[in-house]
Amino acid sequence: QEPSRIQDTMLSKSNKRRRIAADACTTIICPLYDLLPGGMLEEVASFLAAPSRVLFAIAITPPSSISPYHMIMARSRPNVSRSSIAGNEWHTLDFGDVEKELAAKLSDDDISKVLLHIDAANKLKILRLTNCSNMTGAGLVSLSGSTSIEQIDLSLVGAHQSPILDPKPPLDCDLVLPILDSIINQGRCQLKHLQFPHMWRGGDYDQFNEFLARYDEMDEMLGDGRDVFVTFGDMYFGIQDYTCSECTQYYSSGRDGEDGNALYFCNTCERYHCTQCSAMVECQTCEDFLCVDCIPHTFCASPSCTDIVCNDCLSNKCHQCSKKWCTNCSHICIECDGNGCNQTCCAECSAKEGVNGVHRCDVCHTKLCVECSEKEKVNGVHWCDVCDEKLCDKCRLIGCQRGNNCSVCVKMVAPLLLEENRQLRNEHTNLEDKNNLLGGQNKSLGDEIKRLSDENEALQRKLSVIRMVAADGSGLF
């Protein structure tokens with residue numbers, strides 16, 4: 001019995017240590033509690049955005065290994081749970097609510113801790129990974145098998161922003177799709193809308209295509225028998241069809257719903273929006289639709305242009321100032337015609353010094369950037385700020401030859417004038433050599449003609465003698 005009593009005592013002490021450690025883990029071990037009155041941290045956290053509030057709660061979470069001192073001190077501090085700081089009600093988690101720089105630094109481990117902290121698999125309904133461009137997707141494992149999630153936005157951009165990211169983020173469909181499979185395979189799956197990254201929809205991912213087919217077969221899960229994703233075409237491929245990306249309202253196979261609202265696809269942000277969530281306007285160039293909130297991202301840079309255009313109809317973008325011009329105003333932003341050069345620059349930036357601007361010849365309309373114009377044996381296009389003319393070298397040379405006395409223009413074509421003068425001199429020398437050669441040949445021909453003439457005269461004399469002899473002989477008979 002004595003050994004048994006000793007063993008029970010040891011077990012009792014061990015359980016006591018576990019209870020102390022558990023108390024320390026459920027109580028926030030933070031030196032601020034020694035300085036701030038109770039409830040102060042919760043009050044501070046209430047002023048933070050939802051993602052920041054969770055990150056704050058995680059930041060003051062006790063370390064994995066707790067020293068005996070911290071265990072003892074934890075028992076004397078206020079018993080405040082981490083959930084009292086992060087909150088218990090979690091409907092939406094949008095990382096767009098925090099600074100873009102912070103969201104871009106979050107790792108998969110950070111996001112996994114956030115999801116675990118709020119028990120996202122059982123509580124969260126909407127997850128938007130806005131600006132989380134540093135994650136690979138492994139951090140979403142904390143969402144596996146969720147029976148509460150209704151909407152997941154993996155586009156990594158905010159609402160009414162272009163989904164095309166450069167450089168491409170490291171979000172890996174091989175890591176994310178198994179997690180999504182674990183959600184849609186749940187009998188109580190509540191998922192209504194998925195927004196995928198543009199790079200998945202535009203790339204060649206067999207796993208992604210197979211997932212779209214599996215999701216489209218989940219008629220029982222969706223409850224209305226609708227086809228979910230577009231699995232053909234280019235722009236619409238991988239887009240959840242007939243569903244508003246904001247309220248997740250389904251609009252059958254037509255645009256109009258029973259509530260009088262209509263559903264439209266915005267070519268700029270590449271999402272469906274119903275008219276209740278976002279006002280839609282028609283592009284005045286291609287007649288496609290875009291949401292009103294996307295218009296500021298598609299303004300033509302021309303101050304005189306008032307056309308409303310979608311992102312696809314902004315044909316030219318200046319490499320220097322990043323401004324865009326619509327198709328009707330594309331002449332303001334010029335693209336270089338140089339071999340293998342796609343440099344595009346607007347007139348305003350092209351006029352600045354030290355900029356690889358693109359100029360169009362006012363006469364022959366040749367278009368070349370400064371770098372291409374400086375290459376050897378290229379008919380470069382240059383702008384003269386004195387006479388305010390943009391001319392290629394050939395047209396400027398012709399102008400100078402016709403009396404354009406602008407010193408700057410003359411200086412620009414001076415190398416061409418020297419080259420032309422050198423070519424004329426060489427041509428003159430060649431002509432003189434040819435003339436001398438022809439002169440020599442002409443003298444030889446003259447001598448030959450004189451010789452032949454002398455021979456002809458001699459033959460004529462002989463012929464006369466023969467005729468006279470012939471005449472005399474005929475008289476003898």
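Analyst: First, a term: rings of Phe, Tyr and Trp (its six-membered ring) pair if their centres lie within 6.5 Å; planes under 30 degrees apart count as stacked, over 60 as edge-to-face and the rest as tilted. This is a predicted model, where local features need pLDDT of at least 70, side-chain atom pairs need pLDDT 80 or more, and totals for chains, interfaces and linings use all residues. Residues are numbered from 1 along each chain as its sequence is written, and side-chain values use heavy atoms, leaving out hydrogens and water.

User: How many aromatic pairs does a search of the whole structure find?
Analyst: Eight. Take Phe196 and Phe211: their centres are 6.0 Å apart and their planes at 85°, so the pair is edge-to-face.

User: Where do Phe196 and Phe211 lie?
Analyst: Phe196 is in the loop between strand E4 (193-195) and helix H11 (198-202), and Phe211 is in helix H12 (residues 206-216). So the pair ties together parts 15 residues apart in sequence. Helices (H or I, at least four residues) and strands (E, at least two) are DSSP runs, numbered from the N terminus.

User: Is Phe211 buried or exposed?
Analyst: Buried, at 0% relative accessibility. Buried means under 20% relative accessible area, exposed over 50%, partly exposed in between (1.4 Å probe, protein chains only). Phe196 is buried too, at 2%.

User: Which residues do ring pairs link into a cluster?
Analyst: Phe196, Trp200, Phe208, Phe211, Tyr215 and Phe237.

User: New topic. What about Glu389?
Analyst: Glu389 is partly exposed, at 30% relative accessibility. Glu389 sits in strand E16 (residues 389-392).
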